[in-house]
Amino acid sequence: MDIDGDGIVDILSGSYSRMDKDMAGLFQVLYGKKDGSFQKAKALEGTDGKELLLPGDQDKTLTDKICTRPFAVDWDGDGKLDLVVGNFTGTFFWFKGEGKGKFSPKAEPILVDGKPLKIPGSHSDPFVIDMNGDGALDLVSGSTDGGVYWAENVAGKGKPPQLKPFRALIKPGRPVEYGKMLKESDLKGPTYASRVWVADVNGDGKLDLLVGDSVTLIEPAKGLSEDEMKKKQSEWQGELQAAMAALNKTNSDKAIDDKTKAKARDDYQKVYDKRSQFMKQEMTGFVWLYLGK
């Protein structure tokens with residue numbers, strides 16, 4: 001995407017830092033160079049010279065401010081690139097473009113019937129495209145529940161967007177309880193934290209969906225049966241709860257010294273790490289292809 005209109009491709013991303021709350025919600029842009037490389041990432045600024053941020057109280061509503069994906073598109077049809085963005089809460093905003101990579105500092109909420117548009121689940125993931133070929137830009141999004149949702153724009157070509165409520169293009173998969181047995185062969189579709197890209201993948205003239213997800217696969221450790229894993233896991237959970245209770249007690253007691261608290265943390269970690277003795281756990285994700293009909 002050419003953000004600043006200089007004819008060179010740029011890279012745009014949302015950002016979230018667990019270590020530095022001041023970075024949460026910033027939009028990072030890597031401006032392209034003529035040789036095909038990119039400049040160092042910098043925070044995207046509004047026309048007021050300040051870093052673009054979604055509205056919300058930094059301390060109380062951080063999930064409102066953390067952007068999951070900024071999508072550069074001419075949302076209002078004025079010939080200038082705007083930014084349509086999502087957040088951890090699951091709502092959507094847009095920053096009006098002023099041309100040449102400049103954007104209004106004020107984010108406007110995207111509404112349906114006067115209320116904020118929100119996906120089922122959270123972590124809105126906007127992808128803007130004309131899904132049904134009527135010339136109007138629609139909004140597609142992934143979600144924490146693993147589904148993919150479509151908000152149809154019924155305003156017509158060249159008019160300010162008027163969206164309908166979301167409907168599911170891909171229904172969420174069955175909930176997966178943490179710690180339960182789950183093999184790759186058990187998966188039938190996206191599980192958690194879906195992210196979507198819409199394109200004609202096979203060149204048949206119809207839009208397809210590429211959906212990424214996140215999942216934790218769990219199998220018995222080598223040499224154990226599933227029943228043996230479950231028995232050892234049950235025993236481990238009791239031990240873990242006791243270690244957690246001891247840790248919470250030391251942390252809440254101001255009279256306990258730091259050395260004792262550190263030992264309680266170490267004891268808890270040792271118990272937690274025992275999982276590897278009876279289960280194999282792999283945090284991974286897959287890309288699912290849904291061909292358009």
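**The hairpin and its surroundings**

Analyst: In the hairpin formed by β5 and β6, four residues lie between the strands, and G90 adopts a positive phi near 110°. The model is predicted, so local features require pLDDT of at least 70 and side-chain atom pairs count only at pLDDT 80 or more, whereas totals for chains, interfaces and linings use all residues. Residues are numbered from 1 along each chain as its sequence is written, and side-chain values rest on heavy atoms, with hydrogens and water left out.

Strands here are DSSP runs of E with at least two residues, and helices are runs of H or I with at least four, both numbered from the N terminus; two strands pair if DSSP finds at least two bridges between them. On one side, β5 is joined to β6 by four bridges in an antiparallel arrangement, with V84 bridged to W94 in β6. Strand β4 (residues 67–73) also runs antiparallel to β5, through five bridges, and here P70 has V85 of β5 as its bridge partner.

As for burial (under 20% relative accessible area is buried, over 50% exposed, and in between partly exposed, with a 1.4 Å probe and protein chains only), six of the six residues of β5 (residues 82–87) are buried, so this strand is largely enclosed by the rest of the structure.

Rings of Phe, Tyr and Trp (its six-membered ring) pair if their centres lie within 6.5 Å, and planes under 30 degrees apart count as stacked, over 60 as edge-to-face and the rest as tilted. Nine aromatic pairs are counted by this rule. One of them is the tilted pair of F92 and F166, with 5.6 Å from centre to centre and 45° between the planes. This pair connects distant parts of the chain, 74 residues apart: F92 belongs to strand β6 (residues 92–99), while F166 sits in the loop between β12 (148–151) and β13 (167–170). Both F92 and F166 are buried.

β12 and β13 themselves pair antiparallel over three bridges, with I170 in β13 as the bridge partner of V148.
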